[in-house]
Amino acid sequence: MPEQVPDFSLPNVAVGPDPFSLASLPDDVDFAVLFFQRDHYCTNCRKQVQQVADHIGEFRDRGAEAVSIVPEAVERVKSWQESYDLPYPLLADPAAEAGEAYDQPVRFGVLGRFSDFFGRMPEIVIVDRRGDEPEIAYVHKGSSTFDRPDIDEILGELDALRADA
């Protein structure tokens, strides 16, 4: 994981600024919760974005903005938005630049790097924006498509971070 929080600028097909960057978030957003997805076809990823949508009020009550990042072309990511009408930023990262910057896990070595279908694993990163410089406060790197914390666990991490302030 990088020492400094990498910013990025990616197309956003849902609500919020387009293009989206961490710097474009309003000052009252204390945390950015980055959900790095596997790919367009991942059923667990599709379930997760819908679960986040179902709990978006709980994220925002904690001063957090959820952001899902899909390593696919804008057209493919738009199809998710058309299907799920997500109330938070949904970003297209066709070159997987943000995933690379945040060390998103890739299985099967070189083969995995050439095909997201084989290799990209889910990752969740919480960026704490409350200090002078943003900091990475939490990371979960999935070892399989099923290896991802549930939404209540992420909300609990946000509660713990807020309590430490």
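Mentor: The chain has seven helices and five strands. Helices here are DSSP runs of H or I with at least four residues, strands are E runs of at least two, and both are numbered from the N terminus. Along the sequence the pattern reads β-α-α-β-α-β-α-α-α-β-β-α. The model is predicted, so local features need pLDDT of at least 70, side-chain atom pairs count only at pLDDT 80 or more, and totals for chains, interfaces and linings use all residues. Residues are numbered from 1 along each chain as its sequence is written, and side-chain values use heavy atoms, with hydrogens and water left out.

Now the sheet. Its five strands lie in the order β3-β2-β1-β4-β5. The sheet is open, and its pairing is mixed. Two strands count as paired if DSSP finds at least two bridges between them. At the edges are β3 (90-92) and β5 (135-141), each pairing on one side only. Neighbouring strands are turned by 20 degrees against each other on average, direction ignored. For such angles, axes are lines fitted to C-alpha atoms, for helices over the stretch in contact, and the angles run from 0 to 180 degrees between N-to-C directions.

In general, strands of a sheet pair through backbone hydrogen bonds, either parallel or antiparallel. Take β1 (residues 31-36) and β2 (residues 64-70): they are parallel, with six bridges. Phe31 has Ala64 of β2 as its bridge partner. On to β1 and β4, which run antiparallel and are also joined by six bridges. There, Phe36 is partnered by Glu123 in β4. β4 and β5 are antiparallel too, again with six bridges. Val127 stands opposite Ile136 in β5. These two strands, β4 and β5, form a hairpin, with six residues between them.

Stay with β4 (residues 123-128). Six of its six residues are buried, so the rest of the structure largely encloses this strand. Buried means under 20% relative accessible area, exposed means over 50%, and partly exposed lies in between (1.4 Å probe, protein chains only). Which residues point which way? Glu123, Val125 and Val127 point one way from β4; Ile124, Ile126 and Asp128 point the other way. All of them are buried.

A salt bridge here is a side-chain nitrogen of Lys or Arg within 4 Å of a carboxyl oxygen of Asp or Glu. The pair links β4 to β5, with Glu123 and Lys141 18 residues apart. Lys141 is partly exposed, with a relative accessible area of 35%.

Contact means heavy atoms within 4.5 Å. In α3, Val77, Trp80 and Gln81 are buried. They cover an arc of only 95 degrees around the axis, which puts them on the same side of α3. That arc is taken from the directions from the helix axis to the C-beta atoms. The buried residues of α3 pack against α1 (43-54), β2 and β3. The face turned away from the buried side carries the exposed residues Glu75, Glu82 and Ser83. After α3 comes Asp85, whose phi is positive, near 45 degrees.

Now the other ties. The structure holds five salt bridges. One of them joins Glu65 to Arg60, with the closest N and O atoms 3.1 Å apart. Glu65 is buried at 12% relative accessibility, while Arg60 is partly exposed at 39%. Another salt bridge brings together the side chains of Arg62 and Asp159 (2.7 Å, N to O). This pair links distant parts of the chain, 97 residues apart. Arg62 sits in the loop between α2 (56-61) and β2, and Asp159 in helix α7 (residues 151-163). Arg62 is buried, with a relative accessible area of 17%. Asp159 is partly exposed, at 34% relative accessibility.

Last, the whole chain. Of its 165 residues, 50% count as buried. Among contacts between residues at least 6 apart in sequence, 64% join residues at least 24 apart.
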